[in-house]
Amino acid sequence: MNTSKLKSKSKTFLTVNFGCRVNATETNQWSQVLIDQSYTPYNLITEIKSPDILLVNTCSITKKAEKESLNKIKFFHHKYPNLKIYVTGCANVSKIKNLEHVSFFTNQEKEKLLKKLKSYYTPEIKDKFSHTNRFLLKIQSGCTQFCSYCIVPFKRNYLFSLSPTDAIKTVNKAIKNGYKEVVITGVNIDEYQYGLSNLIKLLLEKTEIKLISFGSIPLNCISKNFINLYQQPKYNQRLSHFLHIPIQSGSDKILKLMNRPYTKKDIINKIENCKLKIENLKLGTDIIVGFPTETDNDFQKTFKLCQQIGFSKIHVFPFSPRPGTKARIIFEKSPKISKEKLKERSQKIRATQLLTN
Ligand code: SF4
């Protein structure tokens, strides 16, 4: 995409974001690029004429998310037939490829351009994740882990890591604009090339940010160095004591089929160590129920593990087969788990969090 084409004075732009925090930060970065080129944000409520540019950042984590993204593009195309629409993100756009005035660019093209533009900071734009005093800091993007159920590595296999120098500069700008907290965000921060604990330490030392929190933190990022940061009195209160660690299952058989890079024993060891060493720790997680071949016995292992750990927040996802993934192939070959059973398993997992709240 040639950004010089976007250059104009007092023109307006609208962004529509779907999906995760990483998409939200990228949408903000795009907004910053346009603001730097003298565009102003379009107000959907007060303005009558069409915006000059629309950017849609799509999601495909589930079938529903993908459908919503594509429907939104069709809606705006119908409402403003002459509007220039730029579409990016993870959705499969083949169904709308021929719409006039709609241009597509891949996640990789988006990443490379944003990296080149170094547009990491946007004070003007708010989104559903980032309110006035919480700044979303995207430190990483892309994933090559290929968990068997996940479509993300097919859509975002270009790895990006924000350098500590740029991270420090960005956080200092955010502080100047009144932000008190940064939320560390990435697609898979286990693939952050400069080391997560190293970056956190630098942010604590080189900025005066009041609180650093984490969107979602992979189990393998919970290292000795990471826990050590909490044990230093000068850092302890500036680090969030809520950690969302997605474990997905408590059955080794299912974890292996999912291609998750740990076992149940690793989960217990790492999380129990956190509980021991980080005072007043609260934990969250993601669990997939009904992964193909999940038996009652597998499910019980997950259920008991959730009880044992005591998560205060659990996002439960019934398995959703995504085209092109290994799990979809396993799904097609294995007996189906009934909707009732999926519902029952989801409820049981959710109920474990009530015990700890
Ligand atoms: S770590 Fe696994 S679940 Fe997370 S984005 Fe990568 S492949 Fe998907």
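Two strands are taken to pair if DSSP finds at least two bridges between them. Helices (H or I, at least four residues) and strands (E, at least two) are DSSP runs, numbered from the N terminus. The model is predicted: local features need pLDDT of at least 70, side-chain atom pairs count only at pLDDT 80 or more, and totals for chains, interfaces and linings use all residues. Residues are numbered from 1 along each chain as its sequence is written.

The chain is assigned domain 1 (1-119), domain 2 (131-240) and domain 3 (244-357), with bounds that come from an automatic or database domain assignment. Between the C-alpha centres of domain 1 and domain 3 the distance is 34 Å.

An open sheet of five strands shows parallel pairing in the order β2-β1-β3-β4-β5. Its edge strands, β2 and β5 (102-104), each pair on one side only. Strand β1 (residues 12-17) runs parallel to strand β2 (residues 40-41) and is joined to β2 by two bridges; Thr12 has Thr40 of β2 as its bridge partner. From β1 the chain passes through helix α1 (residues 21-36) to β2 in a right-handed β-α-β crossover. Right-handed here means that, with the strands pointing away from the viewer, the path from the first strand over the helix to the second runs clockwise.

Five bridges link β1 in the parallel sense to strand β3 (residues 53-58), and Leu55 in β3 stands opposite Thr15. Strand β3 also pairs in the parallel sense with strand β4 (residues 84-89), over six bridges, where Thr58 has Gly89 of β4 as its bridge partner. Helix α1 lies across β1, β2, β3 and β4 and runs at about 175° to β1. Contact requires C-beta atoms, placed from the backbone, to lie within 7 Å; axes are lines fitted to C-alpha atoms, for helices over the stretch in contact, and angles run from 0 to 180 degrees between N-to-C directions.

Further parallel pairing involves strand β12 (residues 282-289), which three bridges join to strand β11 (residues 242-244). In this pair, His244 stands opposite Gly284 of β12. Six bridges join β12 to strand β13 (residues 313-318), also in parallel, with Pro318 of β13 as the bridge partner of Val289. A right-handed β-α-β unit is made by β12, helix α11 (residues 296-309) and β13.

The ligand is surrounded by Cys143, Gln145, Phe146, Cys147, Cys150, Val152, Pro153, Val187 and Asn188, a residue being near a molecule if its C-beta atom, placed from the backbone, lies within 6 Å of it. This shell divides into seven nonpolar, two polar and no charged residues. Ala, Val, Leu, Ile, Met, Phe, Trp, Tyr, Cys and Pro count as nonpolar, Asp, Glu, Lys and Arg as charged, and the others, Gly among them, as polar.

Technical notes. Contact = placed C-beta atoms within 7 Å.
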